[in-house]
Amino acid sequence: MDKLNLKDFEWKILVRPLTIDDYDELRAMAEICFPGIPPLTREQLESQLTIFPQGQLAIEIDGRLAATASSLVLEYSANMEWHNWKVIADGGYIRNHNPKGDTLYGIEIMVHPDFRGMKLSRRLYDARKQICRDKNLARFIIAGRIPGYHQHADKLSASQYIDGVLEKAIFDPVLTAQLSNGFSVKGLIADYLPSDTQSCGYATYLEWINLDHVPGAKRRFHAVVEPVRICVVQYQVRKVKNFEEFAQQCEFFIDTASDYKSDFVLFPELFTTQLLSCVEATRPGHAARRLAEFTPQYLDMFIDMAVKYNVNIIGGSQFVIENDTLYNIGYLFRRDGSIGKQYKIHITPSERKWWGVNPGSRVEVFDTDCGPIAIQICYDIEFPELTRIAASKGAQLVFVPFNTDTRHGYLRVRHCALARCVENHMYVAIAGCTGNLPSVENSDIHYAQSGIFTPADIEFARDAIAAECNPNIETVIIHDLDFEQLRRHREAGSVQNWNDRRRDIYRVLYDEDGTAHNI
């Protein structure tokens with residue numbers, strides 16, 4: 001089998017400024033999304049882009065315009081006509097935009113029907129919340145349509161309909177999404193857009209408060225480091241009938257991680273071996289190569305899920321055949337549609353004996369929207385030199401998918417992960433499998449207690465354990481990691497292992513792409 005080209009599986013997702021060249025696609029999208037409502041004119045878009053280009057955003061997927069959002073800045077006043085779109089948005093021209101204002105007002109957001117269900121609105125709301133933080137704005141106000149109301153208008157008043165949505169008894173395609181993105185309903189606006197027959201002219205008045213706002217400051221004067229939310233999956237392997245059943249189990253955990261707005265979700269090493277339960281049993285070496293045949297489906301499924309659920313996925317690891325050589329590879333599926341991979345570098349004796357796995361030779365550090373990370377597969381975390389190399393390349397968070405059969409094996413992974421945190425002033429997350437696969441040789445029993453670990457110092461959790469699963473049950477843990485705290489610890493912690501290395505008497509030497517390095 002030839003080496004797979006990851007570009008064939010990647011999506012190209014870009015959150016970018018809206019431009020005048022997008023107008024034709026934008027107009028066509030508006031006519032689909034808002035039937036019966038006159039779309040934005042080219043002159044109105046040109047005015048928005050001239051006056052406040054930072055507030056006009058687009059999401060492009062594989063060259064197509066998938067979603068857009070428009071906004072302006074105003075000075076908040078309780079007496080302002082928030083109920084009147086023509087006044088508050090200047091009829092779409094936003095000539096009333098106030099660069100010195102304290103409130104971001106969302107004019108419009110729309111997602112093309114071909115791309116719905118991919119949480120694109122969350123990406124646009126997050127981008128506009130970041131505008132609030134960058135400009136030290138106090139709040140983000142929107143007037144939201146309730147397009148599902150016309151289906152209930154004969155039985156419910158608009159107020160009763162909104163109460164139903166708030167109580168989760170009714171789903172509204174717009175209001176439900178806005179509530180899930182942190183907005184609260186402050187009021188109901190009648191005759192907001194009389195031409196909006198789906199909403200019967202009504203809109204909700206919603207608000208998001210910027211907790212980073214500093215009253216009186218002209219701009220945000222310090223960098224607020226957002227916590228990074230990690231979801232670790234302790235996964236129970238079980239017999240499956242086909243790949244679709246395996247994918248359904250994976251999607252459940254990814255959906256859960258997304259519901260909790262996780263930035264990363266980590267799966268265990270070779271949890272894909274459960275797929276061997278749905279193929280004819282054979283000797284282990286051949287079985288590993290049979291498992292590798294699922295790799296294209298595995299890549300397609302996980303990159304689709306990363307995009308759909310807006311979460312970066314470390315997809316455990318999977319056997320891959322490249323030029324007739326078997327490797328154990330961990331993949332990073334970014335939520336922007338791109339893919340990275342890390343070969344397992346240290347192969348255990350049982351992997352060589354039973355499966356014939358070959359080692360990789362390079363330590364990768366991956367750029368993500370939450371900073372640089374590394375992946376070290378199981379046995380690799382037991383070699384401190386690899387983590388030292390990753391730390392020298394900027395990694396502050398290492399993900400360790402592991403697969404161990406006994407408590408002794410698990411403890412080797414756990415204790416070494418804790419040591420790497422201390423040595424390199426970093427966080428390490430580990431995820432393993434539970435359950436049994438009687439028909440799969442060398443992957444028949446499992447032991448795991450997955451966790452998220454920190455350096456051992458006063459400012460971190462007791463025992464240097466940020467979060468930990470109960471052993472040998474299928475579950476997840478979710479935890480926020482503070483990288484500003486990590487930076488302060490590295491600079492002024494009780495001990496400074498990284499700075500106090502005796503490089504005058506020892507160093508880590510390694511070769512990469514034919515070039516020698518030492519750290």
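Student: What should I know about the model before reading values from it?

Tutor: It is a predicted model, in which local features need pLDDT of at least 70 and side-chain atom pairs count only at pLDDT 80 or more, while totals for chains, interfaces and linings use all residues. Residues are numbered from 1 along each chain as its sequence is written, and side-chain values use heavy atoms, with hydrogens and water left out.

Student: What is the strand order in the open sheet of five strands?

Tutor: The order is β14-β15-β16-β18-β19, and the pairing is mixed. Strands here are DSSP runs of E with at least two residues, helices are runs of H or I with at least four residues, and both are numbered from the N terminus. Two strands pair if DSSP finds at least two bridges between them.

Student: Which are the edge strands?

Tutor: They are β14 (373-375) and β19 (465-468), each of which pairs on one side only. From one strand to the next, the twist averages 15°; axes are lines fitted to C-alpha atoms, for helices over the stretch in contact, and angles run from 0 to 180 degrees between N-to-C directions.

Student: How many bridges join β18 and β19?

Tutor: Three bridges, in the antiparallel sense, with β18 covering residues 451-453. Within this pairing, Gly-451 stands opposite Glu-468 of β19.

Student: Moving on to β13: is it enclosed or open?

Tutor: Five of the five residues of β13 (residues 339-343) are buried, so the strand is largely enclosed by the rest of the structure. Buried means under 20% relative accessible area, exposed means over 50%, and partly exposed lies in between (1.4 Å probe, protein chains only). Ile-339, Lys-341 and Tyr-343 are buried on one side, and Gly-340 and Gln-342 are buried on the other.

Student: How does β12 relate to β13?

Tutor: Strand β12 (residues 325-333) runs antiparallel to β13 and is joined to it by five bridges. Ile-329 has Tyr-343 of β13 as its bridge partner. The two strands form a hairpin with five residues between them, and Gly-337 in the turn has a positive phi of about 95°.

Student: Changing topic, how many salt bridges does the structure hold?

Tutor: It holds 31, where a salt bridge is a side-chain nitrogen of Lys or Arg within 4 Å of a carboxyl oxygen of Asp or Glu. One of them links Arg-42 to Asp-24, with the closest N and O atoms 3.6 Å apart. Arg-42 lies in helix α2 (residues 42-51) and Asp-24 in helix α1 (residues 23-33), so the pair ties together parts that are 18 residues apart in sequence.

Student: Are those two buried or exposed?

Tutor: Arg-42 is partly exposed at 33% relative accessibility, whereas Asp-24 is exposed at 56%.

Student: And what about Arg-462?

Tutor: Arg-462 forms a salt bridge with Asp-463, the closest N and O atoms being 3.9 Å apart. Arg-462 is exposed at 73%, and Asp-463 is exposed at 55%. Elsewhere, salt bridges that share partners join Arg-362, Glu-364, Lys-393, Glu-512 and Asp-513 into one network. The closest N and O atoms of Glu-364 and Arg-362 are 3.1 Å apart.

Student: Lastly, which residues of helix α11 are buried?

Tutor: In α11 (residues 384-392), Leu-386, Thr-387, Arg-388, Ile-389, Ala-390 and Ala-391 are buried. The buried residues of α11 pack against β14, β15 (397-401), α12 (407-424) and β21 (509-512), contact meaning heavy atoms within 4.5 Å. Just after the helix, Gly-394 takes a positive phi of about 110°.
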